Amino acid sequence: MTEAIWTTLKLATLTTVLLLAIATPLAWRLARGRGVWRDVVGALVALPLVLPPTVLGFYLLLGFAPGSPVMAPLAAFGVTSLAFTFEGLVLGSVIYSLPFAVQPLRNAFEAMGDAPLEAAAMSRAGPLDAFFTIALPMARRSYLSAAVLVFAHTVGEFGVVLMIGGAIPGRTDVVSVKMYELVESSRSAEAHLLAAGLVLFSFAALLCVYIFDRRAVREVR
Amino acid sequence: MSAAHLDMDVSGDAYGRRFAFACRLPLSGVTVITGPSGAGKSTLLRCLAGLSRLPGRIRVGEEAWQEGRLFVPPHAREVGFVFQDTRLWPHMTVRETLNYATRRARRTPRLSETETIGLLGLAPLLDRGATQLSGGEQQRVAIGRAILSQPLLLLLDEPTAGLDRAHRGEMLSLIGRLTGVLDTPVLYVTHDAVDAVRLADRRIEVADGRIINVSLDLPADPLEGLSADARDSLARAALAAGLPPA
């Protein structure tokens, strides 16, 4: 069980770090861009919210299989398949949790508007300078709530992990799947422990998000 | 060689309406831009700053800011901009805000940070955040930030608009003192006739998205050409300030 917890923490941490980096430019463009593309990309990013995780897992499995169009260019680097690997799990989690990172950041960037950035430009700050010195610190609480949401959501994912992970102990066996196995094999004492732990963790995470969110909106406006 | 000039000739559609701004002004003293609300005064300043873009050309002295396909981005234009809504950054103290501008200034200071802080009376506010300041205090910090960016051109967009009557007078004399100390040319947007007369070396009138009049040399009698209402409010302001009413 500790092995599964360790794998889960590793997966959630890596996913969170990667997603914040990926979601930043995406949320920025979604908040500032205009036109049809913004809506198309916005809908694509939100897709994991409404799709059954099994559908996402199905396509990921197809994509991760040896010889698939996704894997073909990676074969040159010696990577032939990502299915049932930890790396594949990370990639799947990044896609699955994308909306949870993008949405809070997009909201923060939209709420701050152009005004503080125009003021920065009038103090000779170029766009990148202004982003790192004005936009990023102004959105810091939204970053915090995005990080907590992504982390918690990754810990809680089940369908995608089941499809593409394969529950290989020490590599792709995470707590949500472990839970399922424990119940299946009637190890109810361990199941109770893990379940209660997850409930407590998830509640604490959500509480943090609500507290950050309220302050974030107040600060950015 | 004649003194440097600001040359502007831009026109086009923005915000769903038509604008056309053409003028040539000496780069010195205070130019007051007046006109009714919604006439396009702020848009005129935003075009100069590069925050809005209308086709045409803008030259400041020897420098072209906009010409043909050339469009110098706002952060490279060396303008100071005091926004009507101050736009102080909520995550910085007054000291950090002023340092932000000082660090990024491209020219040697005319007024040092210490002098600016003294002149604007900012010393007691330095460790406060933007959200802990009154309207007048915020505006003074915004002016300090604009001055410390060492601009070639200082643009003020109705800096007294959000203030009550008493503070407005204070702010005006402050701006008057500043323009005396700085030799930076100032463009000052206002819809207040009193402001116009007290500060102006020349005046631009804007109406319906275009410049309708440029008075390069204001009459020796500053009251000439003012309406009876404007004269009255001027006289009242003078009395309130303890001056003889003209």
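Helices (H or I, at least four residues) and strands (E, at least two) are DSSP runs that are numbered from the N terminus. The views below come from a predicted model, in which local features need pLDDT of at least 70 and side-chain atom pairs count only at pLDDT 80 or more, while totals for chains, interfaces and linings use all residues. Residues are numbered from 1 along each chain as its sequence is written, and chains are lettered from A and ligands numbered from 1 in the order in which they are written.

**View 1. The loop between H4 and E8 of chain B holds B:Gln150.** Although B:Gln150 is not a glycine, this residue has a positive phi of about 50 degrees. Is B:Gln150 buried or exposed? B:Gln150 counts as buried because 21 C-beta neighbours lie inside 10 Å; a residue is buried if 20 or more other C-beta atoms lie within 10 Å of its own, exposed if 12 or fewer, and partly exposed in between, with C-beta atoms placed from the backbone. B:Glu78 counts as partly exposed because it has 19 C-beta neighbours inside 10 Å.

**View 2. Helix H4 (residues 135-148) of chain B is mostly covered.** The 14 residues of this helix reach 20 Å from the first C-alpha to the last, close to the 20 Å expected at 1.5 Å a residue, where the expected span is 1.5 Å times one less than the number of residues. Of the 14 residues in H4(B), 12 are buried, among them B:Glu137, B:Arg140, B:Ile143 and B:Leu148. What covers the buried residues of H4(B) includes E7, H2, helix H3 (113-120), strand E8 (153-157) and helix H5 (165-181) of chain B.

**View 3. Strand E1 (residues 5-14) of chain B runs antiparallel to strand E2 (residues 17-26) of chain B.** These two strands are joined by 10 bridges, and strands are said to pair if DSSP finds at least two bridges between them. E1(B) and E2(B) form a hairpin with two residues between them, and B:Tyr15 in the turn has a positive phi of about 50 degrees. E1(B) also pairs in the antiparallel sense with strand E4 (residues 56-60) of chain B, over five bridges. Which residues stand beside B:Asp7 in these pairings? In E2(B) the bridge partner of B:Asp7 is B:Arg24, and in E4(B) B:Asp7 stands opposite B:Arg59.

View 4. A nonpolar core is a set of buried Ala, Val, Leu, Ile, Met, Phe, Trp, Tyr and Cys residues joined through C-beta atoms within 7 Å. This one has 110 residues, and those that touch the most other members are A:Ala101, A:Leu105, A:Ala146, B:Leu48, B:Leu155 and B:Tyr188. Leaving aside neighbours within four places in sequence, A:Ala146 is in contact with residues including A:Leu20, A:Phe100, A:Ala101 and A:Leu105; two residues are in contact if their C-beta atoms, placed from the backbone, lie within 7 Å. In H5(A), 19 of the 27 residues are buried. The helix bends by about 50 degrees at A:Ser97, and a proline, A:Pro99, follows within four residues; the bend is the angle between axes fitted to the seven residues ending at a residue and the seven starting there. After H5(A) comes A:Gly113, whose phi is positive, near 65 degrees.

**View 5. Chain B touches chain A through 20 residues that are in contact with 14 residues of chain A.** On the chain B side, the elements that give two or more residues are strand E7 (79-82) and helix H2 (94-104). The residues of this side divide into 11 nonpolar, four polar and five charged, where Ala, Val, Leu, Ile, Met, Phe, Trp, Tyr, Cys and Pro count as nonpolar, Asp, Glu, Lys and Arg as charged, and the others, Gly among them, as polar. In helix H6 (residues 115-121) of chain A is found A:Ala115, which, leaving aside its neighbours within four places in sequence, is in contact with B:Asp85 and B:Arg87. A:Ala115 is partly exposed because 13 other C-beta atoms lie within 10 Å.
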